[in-house]
Amino acid sequence: MASKQTQQTQQQQQHAKQKVADAEAEKIKEYIANIHYSDRYSDDEYEYRHVILPKPLFKMIPKSYFNPDDPGILRLLSEAEWRGIGITQSLGWEHYEVHAPEPHVLLFRRAKDFDPHQAAQQAQAHDAQPQNKAGAAKNGRKK
């Protein structure tokens, strides 16, 4: 009987944890929906935009994304990293600058002549190419 009570208690705890996780996931979705994307602006070489993260979302960013010398300021993020925190943009954008007075504002740029369709085709072609000999050897397979 004690084991049945223990099992019920564990199930109740698991259910409570799941409810908390679900609630947190809903908050994250809400924060992501409230990310602000500026209009694009440009100079002779680049087009730019800034992205403003809701402050609660900014506080949830992993510590490893922050500058080790100034923990309140993000370091420059890779595309996988900024996409991983919920930022969605077309191809070609790079996180190129941080604005220390407003660390929740991320500055992006891409070449003015960037062609997203060509980039998507190149990415697909790259993914479809057979693995080269160096890659095969690194993975322990022979070509």
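Buried means under 20% relative accessible area, exposed over 50%, and partly exposed in between, with a 1.4 Å probe and protein chains only. This is a predicted model, in which local features need pLDDT of at least 70 and side-chain atom pairs count only at pLDDT 80 or more, while totals for chains, interfaces and linings use all residues. Residues are numbered from 1 along each chain as its sequence is written, and side-chain values use heavy atoms, with hydrogens and water left out.

Q: Are Arg 110 and Glu 47 buried or exposed?
A: The side chains of these residues, Arg 110 and Glu 47, meet in a salt bridge (a side-chain nitrogen of Lys or Arg within 4 Å of a carboxyl oxygen of Asp or Glu). The N to O distance is 2.7 Å. Both Arg 110 and Glu 47 are buried.

Q: How many salt bridges does a search of the whole structure find?
A: One of them pairs Glu 81 with Arg 75, with the closest N and O atoms 2.7 Å apart. The search of the whole structure gives a total of 6.

Q: What is the relative accessible area of Glu 94?
A: The side chain of Glu 94 meets that of Arg 109 in a salt bridge of 2.9 Å, N to O. Arg 109 counts as partly exposed at 22% relative accessibility. Glu 94 is also partly exposed, and its relative accessible area is 35%.

Q: Which residues do salt bridges that share partners join into one network?
A: Glu 47 and Arg 110 form a salt bridge with each other. Through shared partners, the network consists of Arg 40, Glu 47 and Arg 110.
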